[in-house]
Amino acid sequence: MRDVIIIGSGPAGFTAAIYTARAGMNPLLIASSVESGGELMKTTEVENFPGFPDGLQGPELMANFQAQAERFGTEVLLDDVIEVDLKGDVKIVKTGGGVTYEAKTVILATGAAYRELGLPKEKELSGHGVSWCATCDGFFFRERTIAVVGGGDSAMEEANFLTRFASKVYLIHRRDTFKASKIMQDRALNNPKIEVVWNSEVAELLGEGKLTGVTLRDTVNGATKNLDLDGLFIAVGNDPRVWLVENQVELTAEKFIAVEGRSSKTSLPGVFAAGDVIDPTYRQAITAAASGCVAALDAEHYLADH
Ligand code: NAP
């Protein structure tokens, strides 16, 4: 039986791995079969992670996290957790690869998944003009006209990044002020290729088999108009990934995993949670990493007490 299994491979998961590995707990980190590395794998330049004054690429930062975790003996498994039973003293974790693992403690660091607009055709047009990842798909829109939906840091970042490829980027936001930090807003507002479409929401995706445009609805007066587009990038936030455990651990009203005070302790003994899956507010790589550290220390203390 393992001392600890960590589910998730973003900054929270890998920081928990670094700490538990250095504490001699021989962690098994289950990283997902296709999306190892978490949200930073989809970002470009990370400028606000302390210790890197010149910034670095998101995937490079995650490779560093993993190398540091492995250096102290973390076993990283590229597989998907499909089922868990966390109620007893022995925690059971089953993977898509067909293996069942047992552990004394589990750290849940499953992060958050991108939010959809909830429009008809959204799934059908995904990969055919509709995307959630500028770094993955931006290249396909050279000299094209595209739009980004959202008013947070992600939308600003994506819009700016996409101006490297696209000839024109509309930034569609449902209000008349952005939620994003000032520095990110200023960058977008000062970019000559970006045109902000205020007080507007996407009411309909247009095109058969391939996106050709959107219908916009004015959020103030309800008027609609069509906008021709080659691509639409959706950056309207994320929802915590809790489906694996939602019937076992307590969730908050907003459906994040509930933890006790400033700790990582969930409603189940021996089960800890860290990162975006517990955090409706800050959701930064550095805060996720810090909470992974907290979870590792909580798991270590739990083992010492039992
Ligand atoms: P976010 O901060 O939650 O912003 C989501 C944006 O999408 C908001 O402007 C929201 O509008 C809009 N929105 C939500 N649902 C919508 C819908 N159905 N239709 C249209 N618009 C919708 O999410 P985020 O931008 O992904 O950022 C998440 C976290 O990561 C934040 O803490 C952010 O600071 C952080 N982050 C940081 C960086 C960086 O520092 N470099 C980069 C990316 C992300 P309202 O404003 O009207 O609510």
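**The ligand and the sheets**

Me: Which helix gives the most residues to the shell around the ligand?
Reply: This is a predicted model, in which local features need pLDDT of at least 70, side-chain atom pairs count only at pLDDT 80 or more, and totals for chains, interfaces and linings use all residues. Residues are numbered from 1 along each chain as its sequence is written, while side-chain values use heavy atoms, with hydrogens and water left out. Helices (H or I, at least four residues) and strands (E, at least two) are DSSP runs that are numbered from the N terminus. With 3 residues, the one that gives the most to the shell, spanning residues 153-162, is helix H5.

Me: How many residues surround the ligand, and what classes do they belong to?
Reply: A residue is near a molecule or strand if one of its heavy atoms lies within 4 Å of it, and the closest residues to the ligand are Asp153, Ser154, Arg174, Arg175 and Lys179. For the classes, Ala, Val, Leu, Ile, Met, Phe, Trp, Tyr, Cys and Pro count as nonpolar, Asp, Glu, Lys and Arg as charged, and the others, Gly among them, as polar. The residues around the ligand number 21, and by class the shell has 5 nonpolar, 9 polar and 7 charged residues.

Me: How much of the ligand's own exposed area does the protein bury?
Reply: A polar contact is a pair of N or O atoms within 3.5 Å (within protein, one must be able to donate a hydrogen and the other to accept it, and residues adjacent in sequence count only if both atoms are side-chain atoms). An oxygen atom of the ligand is 2.9 Å from a side-chain N or O atom of arginine 174, an oxygen atom of the ligand is also 2.9 Å from a side-chain N or O atom of lysine 179, and a backbone N or O atom of tyrosine 282 lies 3.1 Å from a ligand oxygen atom. Taken alone, the ligand exposes 920 Å² (areas come from the Shrake-Rupley method with a 1.4 Å probe, and for residues only the protein chains shown count as cover). Of that area, the part that the protein buries is 79%.

Me: Which residue of E12 is the bridge partner of threonine 145?
Reply: Strand E11 covers residues 145-149, and one of its pairings with E12 puts isoleucine 146 opposite valine 169. For threonine 145, the bridge partner in E12 is lysine 168.

Me: How many residues of E11 are buried?
Reply: Buried means under 20% relative accessible area, exposed over 50%, and partly exposed in between, with a 1.4 Å probe and protein chains only. Valine 149 lies in E11, and this valine has 7% relative accessibility and therefore counts as buried. The strand is mostly covered, and the buried part of its 5 residues numbers 4.

Me: Why does one side of strand E14 lack a neighbour in its sheet?
Reply: The open sheet holds 3 strands in the order E14-E15-E16 with antiparallel pairing, and its twist averages 30 degrees from one strand to the next. Strand E14 (200-206) and strand E16 (224-228) stand at the edges, so one side of each is left without a neighbour, since each has a single partner strand.

Me: Is glutamate 143 buried or exposed?
Reply: Glutamate 143 sits in the loop between helix H4 (134-137) and E11, and its phi is near 55 degrees, a positive value in a residue other than glycine. With a relative accessible area of 61%, glutamate 143 is exposed.

Me: Which backbone nitrogen does the side chain of asparagine 191 reach?
Reply: Asparagine 191 is found in the loop between helix H6 (182-189) and E13, and with a relative accessible area of 14% this asparagine is buried. At 3.0 Å, its side chain reaches the backbone nitrogen of lysine 193.

Terms used:
Pairing = 2+ DSSP bridges. Axes fitted to C-alpha atoms, helices over the stretch in contact; angles between N-to-C directions.
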